[in-house]
Amino acid sequence: MMKNRKSNWALLAPMYVFTILFVALPILYMFLLSFLTRAEVWGVDFTFTLDNYKRIGEPLYLNTFVESLKLAFLSTLLVMLIGYPYGYFMARMSAVWKKRMLLLIMIPFWTSALIRLYGWIIVFRTNGVLDKLLMGLHITEEPLKLLYTYPAVVVGMVYSLLPFMILSVYSSAEKLDFTLAEAARDLGASSFKAFWTVSFKLTLPGLLSGVILSFIPSMGLFFIADILGGNKIVLVGSVIQEQLTKGRNQPFAAALSAVLMVLTTLMIRIYRKVTGTSELEGLV
Amino acid sequence: MKTKKWCFVYVGVITAITYIPILVTVVYSFNESKISSVWEGFSLKWYAELFQDRDLREALINSLILAVLSCFFAVIIGTSGALGMYKKKSRLNDAVGYISMLPIMIPEIILGMVFLSVFSLMGLPFGMVTLVIAHTTFCVPYVYSMVKARLVGMDKSLEEAALDLGASGVRVFFDVTLPLIAPAIWSGVMLAFAMSFDDVVISIFVTGPRVNTLPVKIYTKLKTGVTPEINALATLMLAITILLLIGAHLIGKKKNK
Amino acid sequence: MKKCMTLLLCLSLAVAALTGCGSETEKQEGKIGGEMNLYTWDGMFPQEVLSGFEEETGVRINYSNFDYDEDMLAKLEETQGGDYDFVIADDYIIELVIAEGLAQKLDTAKLENYNNLNPVFMSQFYDPDNEYTVPYGAGIPLIVYDPALTDVEITGYEDLWNPALEDNVAITANYRVINGIALKTMGESFNTEDLSVIQAAGDKLLELAPNIRVINDSNTQDYVVSGEVAAAFLYTSQVYTALNARDDLEVVYPSEGLGFGIMAGFIPSDAPNAEAAYAFIDYINRPENAAKCFEYIGYYCTNKAAEEFISEEMKEMIVLPEGVAEGEIIQNISQDAEDLHAEIWNQFKSACD
């Protein structure tokens, strides 16, 4: 027993040390920054203030949070609908195909995100690949002007977040014993019922971590909206970037980031309460 | 058990869609024009420029080293952390697990700027060391959460049985636990590698004068415009990856015979 | 798992081998040697010039990059003016760098080619006595439009507001520049600190929103070249790229007055190898080298002596036309004014959607 506890600490040590030193400390520093005032030229003055948080209450900034939440919700939902079946089916493939698919789905994501987005621009742009295809098939009569619209941004978001969902669902569904579901079916349950009562319940942790892994970055992602949306949707991330660069206002940017962090955490907590997946305690 | 045909069809269609922008990139890497949205004819000039660009080559190598190292550390930290927390639940563990997820929760630019200040206060020299530390912070969450999700509801009795039979803790880990969680680790590494290999913003802040990474080189052509050279690079890397995969596959087949 | 890890390592090794890694720094007598850490955006020098300098001096150039000027300032603040030997950045940030004591005074006696520089681009607000900087490229944002796609004859910023251009205009993403053109149409300065004037310009800018199709800073010229939009407001190098791709596009020097920007280089206060930096400044300002540089980056040539080495067809694009030098540079303004600009910008962007 004694030995067991010791080995457990050995397992936890790297995580504890690394997280405290290189994550907790920098984040604490960020919180500290958010209560300070900006200096004349660069950096901060050590004068305590709550103004940075008060400023977030202005409709202009509140609105960027609403926009970010809206986009994150929509993207995560679509990612879930598309990615879950993919990961689930992948887990049911033969061992060789599993390995192949895992690489096949990741290869596109090893090239730069910017390059991939430019690829989408060429597809979506006026008289681009998609327009030519649709008009060639006589589905549409004239160019759609899809680029720099909300749907283009959503496509870009879903595309970028998809692997998080697929891989999460896959890695938890992979351990499933599919004979269980088959047994249920043999006992007279319908295909769907067998899936719902047996497989779905068992892959829920994977789905949950997939949702979290997609939702978390989607709140802060803004360069997709900038590139595919032509910068016309203002998200929290781009305000933070602007305040840090042109605005040279580190404290305000820190306050915005802190609120974003709290908001994201809150959303995930609510999500967990609603879905009743408390066994995943600790995963945010 | 037979996988139904339509499962394959669904997976196939989605996979094909994810390759659309990549294929466009490949095609446009042979474009004569500097403007990415206008086709002017076939040319290999971007490949020629690519091979002349010493900085870009060095940046590519740095990026690979960085991604591999960051993934390596993320696997150690994330996997052992998830295992340790799975074995014994506590409020403190939950808190640390939560904090480890924060780096992917806030925009990179603020994280980069905070890292810059904190690393400087710690006296760390800017360069590969700070890059690896910074990248590891956002690679850990992927490995950690994947392994964590895999462990939930996993049968503890296997491990206990092995321990009861007298196997040492280390052996149990390598013979029983690791094979069980390997798919999750591998999934985490795949994501972490992609994130590290593509990071610009954090890298700009924490790198030093001697180490440049590939995405930084690509994204900072702000003043003169991004050129199709990067399409050529992406195509080349895609080709290498696929060749290596085919090679590995053939070798594996031979062994199996 | 193991196999996959091996694969990953193989991949990296293969790429390394394929691209041939190797960093040879040769030291020869009479040469400066060592390393020079160059810090600026990527793509600011042709490889030919960088290699030529390395060969001649035996100095190895480490070319590292930033994207925003402010990132560079942050880095210099943290390293207290150390680590980097030569930095090129935008005018307004250099004013701050100098104010923070992060740049060192230049000893122009060490620069043989100093007199080649064009005085039009010197003695500016950020360095009135030319103590710290040498200019390297200048820009004037201009309007480029496709006469085939619109009947509007564009002569100034005001024409971008024309309802006939609905959803047909691309602009850059620098808010001081874009808010600035609204100020210009009202006959005001880019640098006004009068909040009511800035607010009035903001109100006017909102009326531009229906015409905006895309706001983007990088490769903005692509939109007008590919026909996605009829008109675009572009930075100099983008104008240059657009015209090189399609000569049927029209360039407009807006009648309300021009914006002007200068990039300049300086040696940080605690540069490890200032000697190499001096040699580099001198090397890039040799007329023939400077000509190569400016033809490559597509900004206005800031080296007077280099002008005769620039090819004829490029001359009209990168040699500053007479009389244009009256353009106004965007400078640092009070925090309140800057904040208001940022707020207006976000309102404007949301209104464009």
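Trainee: Into which domains is chain C divided?

Mentor: In this predicted model, chain C has domain 1, made of 33-139 + 261-321, and domain 2, made of 142-257 + 328-352.

Trainee: How far apart do the C-alpha centres of the two domains lie?

Mentor: The C-alpha centres of domain 1 and domain 2 of chain C are 28 Å apart. Contacts between these domains involve 15 residues of domain 1 and 10 residues of domain 2.

Trainee: Which elements give two or more residues to the side of domain 1 that touches domain 2?

Mentor: In chain C, they are helix 4 (91-99), strand 10 (259-266) and helix 11 (312-318). Helix 4 of chain C provides the largest share, 4 residues.

Trainee: And how many residues on that side of domain 1 are nonpolar, polar or charged?

Mentor: The side of domain 1 of chain C that touches domain 2 has 9 nonpolar, 4 polar and 2 charged residues.

Trainee: Changing topic: why is helix 3 of chain C largely enclosed by the rest of the structure?

Mentor: Helix 3 (residues 69-79) of chain C is largely enclosed because 8 of its 11 residues are buried. Among them are C:Asp69, C:Met72 and C:Leu76.

Trainee: What do those buried residues pack against?

Mentor: The buried residues of helix 3 of chain C pack against elements of three chains: helix 11 (236-244) of chain A, helix 5 (108-122) and helix 9 (201-206) of chain B, and strand 1 (35-39), strand 3 (86-90) and helix 4 of chain C.

Trainee: Which residue follows helix 3 of chain C?

Mentor: C:Gln80 follows helix 3 of chain C, and the phi of C:Gln80 is positive, near 50 degrees.

Key
Residues numbered from 1 in each chain as written. Chains lettered and ligands numbered in written order. Predicted model: local features only at pLDDT ≥ 70, side-chain atom pairs only at ≥ 80, totals over all residues. Domains from an automatic or database assignment. Contact = placed C-beta atoms within 7 Å. Nonpolar A, V, L, I, M, F, W, Y, C, P; charged D, E, K, R; others polar. Buried ≥ 20, exposed ≤ 12 C-beta atoms within 10 Å, placed from the backbone.
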